[in-house]
Amino acid sequence: MISGPGARPLPSMAGVYDNLLGHPNYSGDQDLQKRLTVLLPGLEEATQANRAFVLRSAKAVARMGVTQFLDLGSGLATDQSIPDVVSRVEPHARVVCVDNDPLVVAHGRAMLAGEHVAIIDADIRMVNDVLDHAELARIGFQADRPTAVIAAAVAHFLRDDDEPADLLREYLDAFPSGYLIFTHACGDDVPADHLEMAVAAYRERIGPIYPRTEAEITAFLNGLNVLEPGLVEASHWRPDDSPLEIVGAKFMAAVAGFGNQDSLTRHQEAVRR
């Protein structure tokens, strides 16, 4: 949570998301959050389910032997972070957080500083800039190792012209194998007029956002080895307890294997030994 004076007057992607998680920050973020939750009842619960999925799936992937995590559009660090979760499974896991919001970067460097954590200030659309960044070498993050690529609640900020599915594949193709941890905002169950007004409010205050249909989101996973239970509402992916009943706005979530699955299996077996 961010507190104190010096408020940023304009809302941000990360700030609104953090407010939806229950961490009140700046007044601009709070105002837009309130507007969105009026139009999209259940958005707070959906966002919290999304965050819980990301932490749960990162832990599951770490247990499968993956020790490198690339978190695209990582957002504001919280008291439960990807580095915290995966380091409990593998103390030497490397985590790279990528964001181009200066406040997010500064906050992440203050909260997540560590020998095995890197915070990169970069636009995720600049794939080579991210993958060639000096911070990767500093923490021993290597391109020849199985890697988890986390693209959670980020693809819906990319236009169709950005070719977001192809962009994600560029990241996956940079590693021999691993898992994609993926979520995307879905508007299928929201009344069309409410969805249109929510998108307009977000665009006016922050920038474009593109909730997609479940069919459109499914296309992001074409050709990947989607793990059970498939692409589902976030709280339904291997829940620790009974899944939530999310009504209206929701995040579709999946974990999918990519690359050479035989080499990934051999890596996992070696880790278990």
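Guide: Of the 273 residues in the chain, 52% count as buried. The model is predicted. Its chain holds eleven helices and eight strands. The radius of gyration is 18 Å, close to the 19 Å from the globule rule for 273 residues, so the chain is as compact as a globular protein of that length. The C-alpha trace spans about 50 × 40 × 40 Å along its principal axes.

Contacts come next. Take those in the chain with a separation of 6 or more: 73% of them join residues 24 or more positions apart.

Now the empty space inside. Rolling a probe the size of a water molecule over the atoms shows where such space is left. With a cut-off of 30 Å³ or more, the count is one cavity. The largest cavity holds about 110 Å³ of space.

Its lining can be read by residue, by element and by class. The lining of the largest cavity consists of 15 residues. Nearest the centre lie Ser74, Gly75, Ala77, Cys97 and Leu112. Two helices contribute to this lining: α4 (82-89) and α5 (102-111) supply at least two residues each. By class, the lining has eight nonpolar residues, five polar ones and two charged ones.

Notes
Residues are numbered from 1 along each chain as its sequence is written. This is a predicted model: local features need pLDDT of at least 70, side-chain atom pairs count only at pLDDT 80 or more; totals for chains, interfaces and linings use all residues. Side-chain values use heavy atoms; hydrogens and water are left out. On a 1 Å grid over the protein atoms alone, a cavity is a set of points where a 1.4 Å probe fits but cannot get out, and a pocket is an open set with protein on both sides within 12 Å along at least five of seven lines; lining residues have an atom within 4 Å of a point. Grid points are joined across faces, edges and corners, and a volume is the space filled by probe spheres set on the points. Helices (H or I, at least four residues) and strands (E, at least two) are DSSP runs, numbered from the N terminus. Ala, Val, Leu, Ile, Met, Phe, Trp, Tyr, Cys and Pro count as nonpolar, Asp, Glu, Lys and Arg as charged, and the others, Gly among them, as polar. The radius of gyration is taken over C-alpha atoms; the globule rule is 2.2 Å times the number of residues to the power 0.38. Buried means under 20% relative accessible area, exposed over 50%, partly exposed in between (1.4 Å probe, protein chains only). Contact means heavy atoms within 4.5 Å.
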